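Reader: I have a structure to look at and would like to go through it in questions and answers. Can we begin?

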Amino acid sequence: MLIAPKLLGKRGLDEKALAEDKKNAVKYDNCALGKEAVYLGTFYLPRMFYATYKDISRIYKRVAMSKGGFTGKGAFGAMSYVVIQLHNGQEHQANFKTEQMCDAFIEDFHRAHPNVPTHSAKAERKLAEAEAKEQARYLKTLPPEAEQAVLRLRSAQRVLETRGDLVHNLERSAREKRIIENISPQKRALGIGIAALGLALILAGIVCLVLKKDYAWYLVAFGAAAGMFALASNTLPTGKNTRAYALRDWESAVAAMRDYLQGVPDFPLPPQFAHPLVLERMIRLLRQGSASTASEAYEAMKEELKHLNNTVKVSQAEHDEVVKVKPLFLACAYQDELELFTIDR
């Protein structure tokens, strides 16, 4: 371990245990979850701080620099942070490149440590109020047809929950496809230009080092900073960050889900939309009396999603749900039938 992370809190690990835990920790952008501790990074430097689970009293997401998150407005384009609160009253945060990665970090933390709250105290109060309002909107007694539809959708949710890996891949690939599709040519060009400038500065710095110029290291440092900035912007068309790769990845995830659902008779969703939260939104519409059959709930749910954008006021819970669900529909322009696949299965 070249650089030991700095301890946040009081109860740390000895050097050997820290090195082993950090080495085997599961990485999420610049942060990570180990068996003994949480590791937080800065914008450029990964996993520079750590706190043991015994010291953490609360962990939650903070959304900033957008109209999203706890303000109740906006569903997309937010900058997300994970915040950890310690028993000694200290608070620390680390930013994530995408809100989905931040969500995955907190979800996996909660799965391993269910007794630690994963919302701020203020958010918990808002969620309780929202839940009470939601329950008040439901019909006390559903018509028989709607009741049967709810049972059918609950059964479909259990089918998907048995293959959480397929659901996760579908959600992830649709999200990444949308992110890459929304990178404009201008942003691509800017990222490439900054990367090229960084490389030129580094090469110039190396030349100046050979010539023993006093400012050589400044050129190298500025070049490295420019290169790191270009990489962090996620605009460079390299590796997996291309439209062709994103399309193949998404279509592969859809095909895998399609193959799985072929053995499930009368599944109520097309494979590209097969997600438990989609079914949950349909169930809510049935329970509210806005639909009486699964097909009606499906069409109403699609119309509801189409009207949700960054100008619509939503609750925190709705925001967190929409950023997972809507990319599934945007990835294929809400089409139920997919006519073309670039892969052969």
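## Salt bridges, helices and burial

Author: This is a predicted model. In it, Glu171 and Arg175 both lie in helix 5, 4 residues apart, which is about one turn of the helix.

Reader: What distance separates the closest N and O atoms of Glu171 and Arg175?

Author: A salt bridge needs a side-chain nitrogen of Lys or Arg within 4 Å of a carboxyl oxygen of Asp or Glu. Glu171 and Arg175 form such a salt bridge. The closest N and O atoms of the pair are 3.7 Å apart.

Reader: Is Arg175 buried or exposed?

Author: Arg175 is found in helix 5, which spans residues 164-181. Leaving aside residues up to four places away in sequence, Arg175 touches Gln100 and Pro327. The cut-off for burial is under 20% relative accessible area. Arg175 has a relative accessible area of 14%, so Arg175 is buried.

Reader: How many salt bridges does the structure hold?

Author: The pair Glu171 and Arg175 forms a salt bridge. The side chains of Lys324 and Glu107 meet in a salt bridge too. The total for the structure is 20.

Reader: How many residues apart are Lys324 and Glu107?

Author: The side chains of Lys324 and Glu107 meet in a salt bridge, at 2.4 Å from N to O. Lys324 is in helix 11 (residues 316-330) and Glu107 is in helix 2 (residues 99-112), so the pair links distant parts of the chain, and the separation is 217 residues.

Reader: Why does the salt bridge of Asp336 and Lys302 tie together separate parts of the sequence?

Author: The side chains of Asp336 and Lys302 meet in a salt bridge, at 3.1 Å from N to O. Asp336 lies in the segment after helix 11 and Lys302 lies in helix 10, so the parts tied together are 34 residues apart in sequence.

Reader: What relative accessible area does Lys302 have?

Author: Asp336 is at 29% relative accessibility, so Asp336 counts as partly exposed. Lys302, on the other hand, is buried. The relative accessible area of Lys302 is 7%.

Reader: How is helix 9 placed against helix 10: roughly parallel or roughly perpendicular?

Author: The axes of helix 9 (residues 276-288) and helix 10 (residues 294-306) come within 9 Å and cross at roughly 110°. Angles of 65 to 115 degrees count as roughly perpendicular. Helix 9 is therefore roughly perpendicular to helix 10.

Reader: How many nonpolar residues does the contact of helix 9 with helix 10 have?

Author: Helix 9 contributes Val278, Arg281, Met282, Leu285 and Leu286 to the contact, and helix 10 contributes Ala294, Ala297, Tyr298, Ala300, Met301, Glu304 and Leu305. By class, the contact has no polar residues and 2 charged ones. The number of nonpolar residues is 10.

Reader: Which residues are linked with Arg281 and Glu304 in a network of salt bridges?

Author: Arg281 of helix 9 and Glu304 of helix 10 take part in the helix contact. Both also belong to a network of salt bridges.

Reader: Where is the nearest cysteine sulfur to that of Cys102?

Author: The structure holds 0 disulfides. A disulfide needs cysteine sulfur atoms within 2.5 Å. Cys102 is in no disulfide, and the nearest cysteine sulfur, 8.2 Å away, is that of Cys31.

Reader: Is Cys102 buried or exposed?

Author: Buried residues are those under 20% relative accessible area. Cys102 has a relative accessible area of 0%, so Cys102 is buried.

Reader: Which residues does Glu124 touch?

Author: Glu124 is found in helix 3 (residues 121-137). At 34% relative accessibility, Glu124 counts as partly exposed. Not counting residues up to four places away in sequence, the residues touched by Glu124 are Arg58, Pro117 and His119.

Reader: What percentage of the residues of the chain count as buried?

Author: The chain has 11 helices and 8 strands. Its C-alpha atoms fill a box of roughly 85 × 50 × 40 Å along the principal axes. Of the 345 residues, the share that counts as buried is 42%.

Conventions. Residues numbered from 1 in each chain as written. Predicted model: local features only at pLDDT ≥ 70, side-chain atom pairs only at ≥ 80, totals over all residues. Heavy atoms only, no water. Axes fitted to C-alpha atoms, helices over the stretch in contact; angles between N-to-C directions. Helix = DSSP H or I, 4+ residues; strand = E, 2+ residues; numbered from the N terminus. Parallel < 35°, antiparallel > 145°, perpendicular 65-115°, else oblique. Contact = heavy atoms within 4.5 Å. Nonpolar A, V, L, I, M, F, W, Y, C, P; charged D, E, K, R; others polar. Buried < 20%, exposed > 50% of the residue type's maximum accessible area, 1.4 Å probe, protein only.
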